[in-house]
Amino acid sequence: MTTENPRPALQAVALAAGYRRRRRHPAVTVLRDVHLAARPGELIALIGPNGAGKSTLLRTLVGAQPPLAGHVLLDGRDLTTLSPRQRARRLAVTLTEPVDVGQMSVEAVVALGRMPYRSWIGREKDRDRAAVDRALADAGVADLRDRPLTDLSDGERQRVMVARALAQEPAVLVLDEPTAFLDVARRIEFAAMLTRLAATAGAAVVLSTHDLGFALRRADQVWLVGGDGTVTAGAPEDLAYGDAVTRTFTGENMSFDDAAATIVVTDDTGPGTTVRVVADGRLRQWAEHAVRRAGWEPTADPCDHVLSIEHGTPCRWNVNGAQGVGFDALVTHLRGRTATQPEDARTG
Ligand SMILES: Nc1ncnc2c1ncn2[C@@H]1O[C@H](COP(=O)(O)OP(=O)(O)OP(=O)(O)O)[C@@H](O)[C@H]1O
């Protein structure tokens with residue numbers, strides 16, 4: 001993120017977003033009085049529960065649907081006053097709607113991103129070719145360049161659509177759930193690529209995601225759509241440390257785990273039995289995971305129940321004298337024990 005406070009590349013001013021109905025039916029307002037600013041170099045994650053209005057907001061910010069009230073400003077100019085070509089030179093978008101490109105190759109689809117820069121005869125220049133090559137490489141789809149888009153997996157197609165947006169070399173890049181179909185490794189690569197893009201090209205990148213951990217760890221700003229028509233903007237730490245994230249995402253049997261920066265399911269049977277876990281490093285971490293899954297509470301302090309566990313695949317464990325092999329057996333064993341019967345556990 002840039003240290004000075006440059007003019008926002010994209011801005012929402014007193015924006016209301018929603019859907020106009022036919023005559024005599026009132027409009028459906030999904031979001032109201034929204035004030036947001038995306039500055040050059042910022043990576044912004046838009047998060048919120050299903051149906052809260054993330055797509056509605058993104059569609060309104062990119063001009064795919066008109067605001068019900070207020071304004072969207074691109075480089076300080078009202079979006080509605082810009083021609084499609086002017087917009088496309090500054091703003092690139094991938095929405096979730098499928099794009100029908102027939103049998104076009106990946107390279108040809110990505111090259112569509114250069115259209116806003118082409119002359120009326122549409123001749124490709126060296127700069128266009130270089131931008132397409134860079135976009136293919138950055139989105140990790142260079143090896144797919146000759147394949148027809150229709151033959152690709154969902155995750156591959158998603159990356160190609162991102163490559164098309166990158167080829168536009170936009171000042172503002174807006175992506176609706178760009179990681180929805182990506183596996184873990186691709187998500188990490190993708191996050192690194194977007195961070196690089198924001199930092200080196202100075203683009204403002206706005207993306208919606210259901211990956212709370214990604215949003216809180218990677219974004220410079222989080223825009224939190226609350227499900228009550230509001231959007232709260234702030235640093236990830238402000239929203240997580242305050243109660244905004246907890247209020248929006250947690251409910252019965254769910255809580256926000258500060259250390260893991262994610263929502264966790266909590267046991268609804270009350271505080272579990274405590275067991276002292278004797279193990280090191282990763283083994284300890286996964287032993288604690290199994291203990292929690294069984295509805296118990298791991299501790300490092302002395303207590304009635306002691307789980308000692310030895311390295312190995314599968315691992316060997318001992319709970320108060322009861323022995324077994326593997327985490328599956330451990331969880332089954334712990335689920336059959338109770339806090340009030342340590343003797344019983346000993347004979348287990
Ligand atoms: N074309 C439409 N006409 C009327 N209401 C709509 C329309 N499209 C969406 N909505 C409503 O607007 C609200 C917000 O939907 P939106 O798709 O923006 O949510 P979202 O946060 O993107 O959800 P998800 O996480 O499930 O993708 C929902 O109540 C939805 O039913």
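1. Thr 248 lies in helix α9, residues 244–249; helices here are DSSP runs of H or I with at least four residues, strands are runs of E with at least two, and both are numbered from the N terminus. This is a predicted model, in which local features need pLDDT of at least 70 and side-chain atom pairs count only at pLDDT 80 or more, while totals for chains, interfaces and linings use all residues. Residues are numbered from 1 along each chain as its sequence is written, and side-chain values use heavy atoms, with hydrogens and water left out.

2. Is Thr 248 buried or exposed? Thr 248 has a relative accessible area of 17% and is buried (under 20%; exposed is over 50%, partly exposed in between; 1.4 Å probe, protein chains only). Neighbours within four places in sequence aside, Thr 248 contacts (heavy atoms within 4.5 Å) Pro 49, Leu 224, Val 225 and Gly 226.

3. Asp 243 sits in the loop between α8 (236–241) and α9. Asp 243 is partly exposed at 46% relative accessible area.

4. The chain contains 12 helices and 17 strands. Of its 348 residues, 43% count as buried. Among contacts in the chain with a separation of 6 or more, 61% involve residues 24 or more positions apart.

5. Along the principal axes, the C-alpha atoms fill a box of roughly 85 × 50 × 45 Å.
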